[in-house]
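Have the model open while you read, and follow the charged side chains first.

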Amino acid sequence: LPQVATKAAGGGASLKTGQSLGIGKEFPYRSKCILAFQRVQGHEVCFFAMYVQEYGSSCPEPNTNRVYISYLDSVKYFSPPRLRTKIYHEILIGYLDYAKRRGFTNAYIWACPPLKGDDYIFHIHPSEQKTPKPERLVGWYHNIVNTCMDDGTAPVSYTHLTLPTNR
């Protein structure tokens, strides 16, 4: 899929005294959708999707050289099933390594599972597919982050997990 370059409005936050906080009014970024397919009975079946925003070196602080993994979704069609988790891990680790090699210094992962009946990317998951509880999802991401830290593929020295606050 094509990547999209866009800008996010920042608002130029300031203190009550009117003094600027040095936060830019625009944050240019590149939005990407990363998909994985497997050929099943002669058809290309998408089983994994991930949306990221990449804020490069031209973006003002606080987003300079940062990537945000905002949505990650999958459907349980990958075969063999015993390799699903390993494939998902490898895709995410591969992306983080790619980001590091491109000069990104921090990665943020939004770790919030959908509520029952909600879908982030894929419309209607198989009825037998379970949605992970927040603790399990955070643990899953921590395993990936630890692997990246151990093998040196994580941007800088830490990948940040953003957790839901009111769910």
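E54 makes a salt bridge with R102, and the closest N and O atoms are 2.9 Å apart. A salt bridge here is a side-chain nitrogen of Lys or Arg within 4 Å of a carboxyl oxygen of Asp or Glu. E54 sits in strand β3 while R102 is in the loop between α1 (84-101) and β5 (106-110), so this pair ties together parts that are 48 residues apart in sequence. Helices (H or I, at least four residues) and strands (E, at least two) are DSSP runs, numbered from the N terminus.

A quick word on the ground rules: this is a predicted model, where local features need pLDDT of at least 70, side-chain atom pairs count only at pLDDT 80 or more, and totals for chains, interfaces and linings use all residues. Residues are numbered from 1 along each chain as its sequence is written, and side-chain values use heavy atoms, with hydrogens and water left out.

**The charged network**

K32 and E54 have their closest N and O atoms 3.1 Å apart.

R102 is partly exposed at 43%.

Another salt bridge joins E44 and R39. E44 counts as partly exposed at 48% relative accessibility, whereas R39 is exposed, with a relative accessible area of 56%. The count for the protein comes to 5 salt bridges, and three of them are set out here, with the distance between the closest N and O atoms.

| Salt bridge | Closest N and O atoms |
|---|---|
| K32 with E54 | 3.1 Å |
| E44 with R39 | 2.7 Å |
| E54 with R102 | 2.9 Å |

**The strands around it**

Strand β2 (residues 26-40) pairs with β3 in the antiparallel sense over 11 bridges. Two strands pair if DSSP finds at least two bridges between them. Across this pairing, R30 stands opposite E54, and Q38 has V45 as its bridge partner. β2 and β3 form a hairpin with 2 residues between them, and Q41 in the turn has a positive phi of about 50°. On to the next neighbour: β3 and β4 pair in the antiparallel sense over 8 bridges, with A49 opposite D73 in β4.

Zooming out, the protein has 2 helices and 6 strands, which follow the pattern β-β-β-β-α-β-α-β along the sequence. Buried residues make up 35% of its 167 residues.

D73 lies in strand β4 (residues 66-74). What does D73 lack, although it is buried? D73 has no salt bridge, and the nearest side chain of opposite charge, R84, is 11 Å away. For that comparison, Lys and Arg count as positive and Asp and Glu as negative, with His and the chain ends not counted.

Polar atoms of the D73 side chain do have backbone nitrogens within reach: that of I121 at 3.1 Å and that of F122 at 3.0 Å. Both are polar contacts, meaning a pair of N or O atoms within 3.5 Å; within protein, one must be able to donate a hydrogen and the other to accept it, and residues adjacent in sequence count only if both atoms are side-chain atoms.

**Loop and surface**

P62 is in the loop between β3 and β4 and counts as partly exposed at 38% relative accessibility. The C-alpha atoms of P62 and F27 are separated by 9.2 Å, though these residues are 35 apart along the chain.

Lastly, look at Y51, Y71 and W110, which make a nonpolar surface patch of about 270 Å². Patches are made of residues with over 30% relative accessible area and no salt bridge, with like charges joined within 9 Å and nonpolar side chains (Val, Leu, Ile, Met, Phe, Trp, Tyr) within 5 Å. Accessible areas come from the Shrake-Rupley method with a 1.4 Å probe; for residues, only the protein chains shown count as cover. Y51 is in strand β3 (residues 43-55) and is partly exposed at 32%.

How values were computed:
Buried means under 20% relative accessible area, exposed over 50%, partly exposed in between (1.4 Å probe, protein chains only).
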